[in-house]
Amino acid sequence: MNKVAANILVIDDDPDVLHTARIVLKPHFTNITVESNPEQINFLINHNRYEVILLDMNYTAGVTSGKEGLFWLKNIMTKNPTQQVIMMTAYGDIKLAVESMKIGAADFVVKPWENEKLQATVLAAYNHSQSKLEVEELKSRNSSLNRLLTSSEEAIIGHAEPMRKIFSTVDKVAATDANVLILGDNGTGKEMIARSIHNKSDRSTSVFIKVDLGAVSENLFESELFGHVKGAFTDAREERTGRFELAHGGTLFLDEIGNLSLPMQAKLLTAIQHKEIVKVGGNAPIPVDCRIVAATNSNLLRMVAEGKFREDLLYRINTVEVHVPRLSDRVEDIPLLAEHFLNVYAQKYRKTSLSINKRAMEYLCYHSWPGNIRELQHAIERAVIMADDNVLSQDSFLLTDQRASTTSIDSINMDEVEKSTIEKAIAKNKGNISKAAKELGLGRTTIYRKMDKYGIRY
């Protein structure tokens, strides 16, 4: 049997216990250090790294309270909160076990132990220490990558009134730890807004973890979000760290939260409420500190009324709500977005001299964009790939579901479209210019200026 490359420290005042522990563990682990004096603990942990520490509960003759062991456990956890410590005692006191686990102990063994049980317990603690180490390394890599992405990240594109309101909300909420619910149709950019909140927050140097809840099956939900221990179920061949634990210190983005079943909602609510999770197959609660940003295209209030979504969960996730408009509700941003995606894909496909002519841009602005920004992005990418000339024309874009189904695009221009849209909005709102402006995503000054330009009188 190959030994596990690990440093194990055993601290007990009984020489026989130390001798037995060395004999039992030596065949399985490369380095076993034994110490009878707990006063040496600080020196040892300051000069060495131990994957697992086995710590006795009592060191004074006749004492069985366990207070000495708890004292040294607190000392160890203060210096290294991720240290794996297994408590040892000759007295199977459940209260002591619970108290030590609350302080941070990984497990608890009663002397005299079964050799196989001790080996298995130490190995499990070692595996958990490696898992925690991998999590920290992943967080470090994610932090570096996140800083790199953030440094070159462009602001969310848009100057329509609904987007200006979103920018203001993001700036206000980012500085807090409030949970945020982002509502909007598919393809409107909900994830970008979630990332913007994270990048502007105090958690920006930590990780941003996304979970697509619409793609998580009910039987794997707990394993995906909370993790599992080795052997928890048939295919659990190794311990797994869940998304909550991965997001510790950062932001957890729960996309498509409206797709969760009621049982899954209950489990999620418990984790958010108590800020701790328990791995599948485990029994030790793991504290988690992550900000929750959720998103959905569902009407959660209606789902609550229909008994399909928990009201208490809704209150937990929507301290602040952000409503993202459809692309058709921010038409004036289409040229900005189109030029942005053109630049992105022109660079990607090495066609850097491309441009979109005026007629083609008018055509893009008149499309209804049921797929929102994502549909526009794909349309620009496809046009760039297929482009034979340096100028993209109307024929470069193969779009369906045109609002121009009853009116030929050739018979109008952009000014006519804008004038007609403003007139319809004003008529719809019975001459209330403020309401018409809000519906169009325009400021009052802007809509009056455009009314004057087109000679619209009400």
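This is a predicted model: local features need pLDDT of at least 70, side-chain atom pairs count only at pLDDT 80 or more; totals for chains, interfaces and linings use all residues.
Arg 203 counts as buried because its relative accessibility is 8%, whereas Asp 177, at 47%, counts as partly exposed. Arg 203 also meets Asp 289 in a salt bridge (2.8 Å, N to O). Here Asp 289 sits in the loop between β12 (286–287) and β13, so this pair ties together parts that are 86 residues apart in sequence. Asp 289 is partly exposed, at 35% relative accessible area.

Things stay local for Glu 191 and Arg 195: both lie in helix α7, 4 residues apart, or about one turn of the helix. Their closest N and O atoms are 3.2 Å apart. The whole structure holds 20 salt bridges.

Next come the helices. Helix α6 (residues 161–174) buries Pro 162, Met 163, Ile 166, Val 170, Val 173 and Ala 174. These residues all fall on the same side of α6, because they cover an arc of only 95° around the axis. They pack against β6 (180–183), α7 (190–199), β13 (291–296) and β14 (320–323).

Helix α18 (residues 444–454) has Thr 446, Ile 447, Lys 450, Met 451 and Tyr 454 buried. Their arc spans only 135° around the axis, which puts them on the same side of α18. Thr 445, Arg 449 and Asp 452 are exposed on the other side. Just past α18, Gly 455 adopts a positive phi of about 70°.

Notes
Residues are numbered from 1 along each chain as its sequence is written. Side-chain values use heavy atoms; hydrogens and water are left out. Buried means under 20% relative accessible area, exposed over 50%, partly exposed in between (1.4 Å probe, protein chains only). Helices (H or I, at least four residues) and strands (E, at least two) are DSSP runs, numbered from the N terminus. The arc is that of the directions from the helix axis to the C-beta atoms. Contact means heavy atoms within 4.5 Å. A salt bridge is a side-chain nitrogen of Lys or Arg within 4 Å of a carboxyl oxygen of Asp or Glu.
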